[in-house]
Amino acid sequence: MFTGTRPLRANEVFKMLDGKQRELALLDEPREEKGTATVRLTGRTDLPGLPVAALARDQKEQVRKVMADVLAPFRKQDADEALKLVEKSGFDNLHMSFYKHDDIGNDGVWDVWQIEGPAMLWYFRGAPHVHTWVHIREHA
């Protein structure tokens, strides 16, 4: 569910967050982009952003929808396999972050966000054109 460069579904997650959750999720600077190193996995569990474990069931479901949206262009069997690997590594081990620095138009529609866990990283940047990096593996 993307319109132009707007990551609408991810922003729906942000809208569902309470004040404390937003404080944890909204960070200043996104990661530095360095080709494939942009999504190098660390295996760490002390990650920046809001822990998915701290979300309510409806909020977690919305995060799952974001992940399904990112995988929508891929073959169903590959998307299903990717989501299985995420679940196997622990959905509650994920952290979600939104970045103030690249808020196009200063409108609070976050144009850069990520979901990161020990064995996966999804990084989305919506300007000057859409870039989405996805790295998933079986183990951290």
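Student: How should I read the largest nonpolar core, and which of its 26 residues touch the most other members?

Tutor: In soluble globular proteins, nonpolar side chains tend to be buried together. A nonpolar core is a set of buried Ala, Val, Leu, Ile, Met, Phe, Trp, Tyr and Cys residues joined through side-chain atoms within 4.5 Å, where buried means under 20% relative accessible area, exposed over 50%, and partly exposed in between (1.4 Å probe, protein chains only). In this predicted model, the largest such core has 26 residues, and those touching the most other members are Val63, Met67, Leu94, Met96, Phe98, Trp113 and Ile115. Two or more residues are given to this core by each of helix 1 (8-16), helix 3 (57-71), helix 4 (76-89), strand 5, strand 6 and strand 7, and helix 3 supplies the largest share, five residues. Helices (H or I, at least four residues) and strands (E, at least two) are DSSP runs, numbered from the N terminus. Apart from this core lies another, of seven residues, including Val39, Val112, Leu121 and Trp133.

Student: With which residues is valine 63 in contact, leaving aside its neighbours within four places in sequence?

Tutor: Contact means heavy atoms within 4.5 Å; on that basis valine 63 is in contact with Val13, Leu55, Phe91, Met96 and Ile115.

Student: How do I read strand 6, and which way do its residues point?

Tutor: In a regular strand the side chains alternate between the two faces of the sheet. In strand 6 (residues 112-117), Val112, Gln114 and Glu116 point one way, whereas Trp113, Ile115 and Gly117 point the other way, and six of its six residues are buried.

Student: How many bridges join strand 6 to strand 5, and how many to strand 7?

Tutor: Two strands pair if DSSP finds at least two bridges between them. Strand 5 (residues 95-99) and strand 6 run antiparallel and are joined by four bridges, with histidine 95 opposite glutamate 116. Strand 7 (residues 120-125) also pairs with strand 6 in the antiparallel sense, over six bridges, and here glutamine 114 stands opposite tyrosine 123. A hairpin of two residues links strand 6 to strand 7.

Student: Is glutamine 59 buried or exposed, and what does its side chain meet?

Tutor: Glutamine 59, found in helix 3, counts as buried because its relative accessible area is 6%. A polar contact is a pair of N or O atoms within 3.5 Å; within protein, one must be able to donate a hydrogen and the other to accept it, and residues adjacent in sequence count only if both atoms are side-chain atoms. The side chain of glutamine 59 makes such a contact with the side chain of glutamine 21, at 3.0 Å.

Student: Where is threonine 42 found, and why is it called partly exposed?

Tutor: Threonine 42 is in the loop between strand 3 (26-27) and strand 4, and it is called partly exposed because its relative accessible area is 46%. Its C-alpha atom is separated by 6.4 Å from that of proline 118, although the two residues are 76 residues apart along the chain.

Student: What is the mean pLDDT of the chain?

Tutor: pLDDT is the predictor's confidence in each residue, from 0 to 100; the mean for the chain is 89, and 95% of its residues reach 70 or more. Over residues 1-6, however, pLDDT stays under 50.

Student: What conventions lie behind these values?

Tutor: Residues are numbered from 1 along each chain as its sequence is written, and side-chain values use heavy atoms, with hydrogens and water left out. As this is a predicted model, local features need pLDDT of at least 70 and side-chain atom pairs count only at pLDDT 80 or more, while totals for chains, interfaces and linings use all residues.
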